[in-house]
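Biologist: Thanks for sitting down with me today. Could you walk me through the side-chain contacts, starting with the charged ones?

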Amino acid sequence: MTTTAPPAQGLAAGPVDRFARRLRELTGPGLPFGAAELAALDRADAFPADAVRALDEAGLPRYYVPAEHGGALDDFTVVMRLLRAVARIDLTVAAAHGKTYLGAVSTWITGAEEPARRLARRITDGEVVSCALTERHHGSDLLSGEVTARPAADGGWLLNGEKWLINNVSRAGLVTVLARTHDAGGPRGFSLFLVDKARLGPGTHTCLPKVRTYGIRGADISGIALHDAHLPADALIGAPGQGVEIIVKALHITRTCCAAMSLGAGDHALRLAADFAAGHAGDDGTPLARRPHIRRELGEATAGLLLAEATGLVAVRSLHALTGEMSVVSAVAKAYVPAQIDALIARLLHLLGPHGLLGPGDPHGQFAKAERDHRIIGIFDGSSLVNRNALIEQFPRLARGYRKGRVDAAGLAEATSPHTAPRPFRPAALSLLSTAGASVPAGLPAAVAELRERARDSRDGAGLDSLLSLATRLLDATERLHEAMAAVRFTPRAVPAEAFDLAERYELCFAAACALHLWLRATPATGDGTPAPDTWLRGCLVKALTDLGEPVDDTEAQALDDCADLLLGRPPGHFVSLLDQLRPGTPQEANAS
């Protein structure tokens, strides 16, 4: 898969805006995305078939297929924004439809043209693709998988075993299956297969019963049992023994998709809470949103969402610009973004009180559904624990790269310049581990130096000096963190608890560094020394430093109240997004994302 660079059109607003308009047309009483209709499906644990079909008709599957294979995927940022737009309305629908993107990625990245073309035709024709990795007794431990694939006499394969807790596996016509092809297992003991259920012999596969889940209740979460299921030779993805390597690299891509769904859920929850606070008053007639403690809560939640968005945006652009570092970037995005949105929703739940616990049939009940639905995103494509473990394994490289100042300057500038078209994606550059470290935190010293230069040249020197103070404390915390990471000693199956604490701190430093890099690249210094708007960045840095346990004074903490004003001042029906703040010349464009 090598995506072709699109014309320079910033954030590819065209397809995103068109898609957002179509979603609005589909939202209303009696329509596929109507609130009452989706609430009824949730109560019945029923699959949102009409909404999924509407997304097919709107052309979303084309963005799961690379342009070189006849699809529309040439910028992963667009896929992120489209799925985020769906998740803003209903996370069940986003998870149900987006699974095809996740299921197809392994085929795209192997570089085999004919299988990719065949799969592209199936997807653009509306076929659903699932990805079956996990098993009932092994969870995320893929190397313990018991599903086997044995060579058949005709050169094909015979699959046996059960995959379980798989999204869309019953409804999918195609299923990517990881199977053991060597008795000893190990990293080279597994292979990947694209199973066409229509070509399986009678009685050789059984769809298992739907699993009732706490959230995304209507999704097809079930399993598949295979009984000497014969596959043709061309069902193999890549070469025998490459299954784990391909899947790990595919996860570097799909984890950014999970971040998109989390951001959509966060958008939805934050808007519901803000609307509630603005529309309800206390006994004295003062709107709740004007009460200082509620304003502060809304501001901190807004800053948390913007930090998560900064991480997700840089992560998805890094697929193009920092491809060799995605083992780090994707792990951070998948561990941090869902966890941050879970924390945001929990904060808002306290603000809403009993109104946040009402069922989806109640006018205020959409929040409870969003809270339930989002909890499952944290375990998709590897839980936060799994991803933090992946970070810990790379601590020595990360610490060494930071100490030596290893930065892909051109790649970092591109990853943090959302107004520019990305370079083509080169899957061959994906790596199981980042040998150079991570450019986002390693580039922080230069970013702080650039901010110091701007503060010296700006008319508003005092204003930027206070921003510089926050950024300098972030840099100090990041440097201390890397020293602590370098000192950790562990064996693969005896990781100390403190290493996971360091991983969480690394995510925070990474997220805050993303925000600073984005601000520097997307709001360049003006020639006359006029300062660029920095409200959102102040809020992000204050939030990150607070979560890190670093000192923040009361005056600096007022940046969170300013973030609340960004939220409460948005036009009706719009969301707070960095894409507005980073592109001041196109107000509200990001609300199509």
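Modeller: Happy to. Please keep in mind that this is a predicted model. Counting by the salt-bridge rule, the total comes to 39 salt bridges.

Biologist: Which residue forms a salt bridge with Arg-88?

Modeller: Arg-88 lies in helix 4, and its partner lies in helix 7 (residues 243-279), so the pair ties together parts that are 179 residues apart in sequence. The closest N and O atoms are 2.6 Å apart. That partner is Asp-267.

Biologist: Is Asp-267 buried or exposed?

Modeller: Buried means under 20% relative accessible area. Asp-267 has a relative accessible area of 2%, so it falls under that cut-off. Arg-88, at 5%, is buried as well. For Asp-267, then, the answer is buried.

Biologist: Over the ring of which residue does the charged end of Arg-88 sit?

Modeller: Besides its salt bridge with Asp-267, Arg-88 has its charged end over a ring, 4.1 Å from the ring centre. The ring belongs to Phe-575.

Biologist: And how many residues apart in sequence are the parts tied together by Arg-521 and Glu-450?

Modeller: The side chains of Arg-521 and Glu-450 meet in a salt bridge, 2.7 Å from N to O. Arg-521 counts as partly exposed at 26% relative accessibility, and Glu-450 counts as partly exposed at 25%. Arg-521 lies in helix 17 (residues 497-522) and Glu-450 in helix 15 (residues 444-457), so the parts tied together are apart in sequence by 71 residues.

Biologist: Let's turn to the rings. How many aromatic pairs does a search of the whole structure find?

Modeller: One of the pairs is Phe-76 with Phe-425, 5.1 Å centre to centre. Another joins Trp-157 and Phe-193, at 5.2 Å. The search of the whole structure finds four.

Biologist: What kind of aromatic pair do Phe-76 and Phe-425 form?

Modeller: Planes over 60 degrees apart count as edge-to-face. Here the angle between the planes is 85 degrees, so the pair passes that cut-off. Both Phe-76 and Phe-425 are buried. The pair is edge-to-face.

Biologist: Which strand holds Phe-193, the partner of Trp-157?

Modeller: The planes of Trp-157 and Phe-193 are 65 degrees apart, and this pair is edge-to-face. Trp-157 is buried at 10% relative accessible area, and Phe-193 is buried at 0%. Trp-157 lies in strand 3 (residues 157-167), and the pair ties together parts that are 36 residues apart in sequence, because Phe-193 lies in strand 5.

Note on methods
Residues numbered from 1 in each chain as written. Predicted model: local features only at pLDDT ≥ 70, side-chain atom pairs only at ≥ 80, totals over all residues. Heavy atoms only, no water. Phe/Tyr/Trp six-rings, centres within 6.5 Å; stacked < 30°, edge-to-face > 60°. Buried < 20%, exposed > 50% of the residue type's maximum accessible area, 1.4 Å probe, protein only. Helix = DSSP H or I, 4+ residues; strand = E, 2+ residues; numbered from the N terminus. Lys NZ or Arg CZ within 6 Å of the ring centre and 35° of its normal. Salt bridge = Lys/Arg side-chain N within 4 Å of Asp/Glu carboxyl O.
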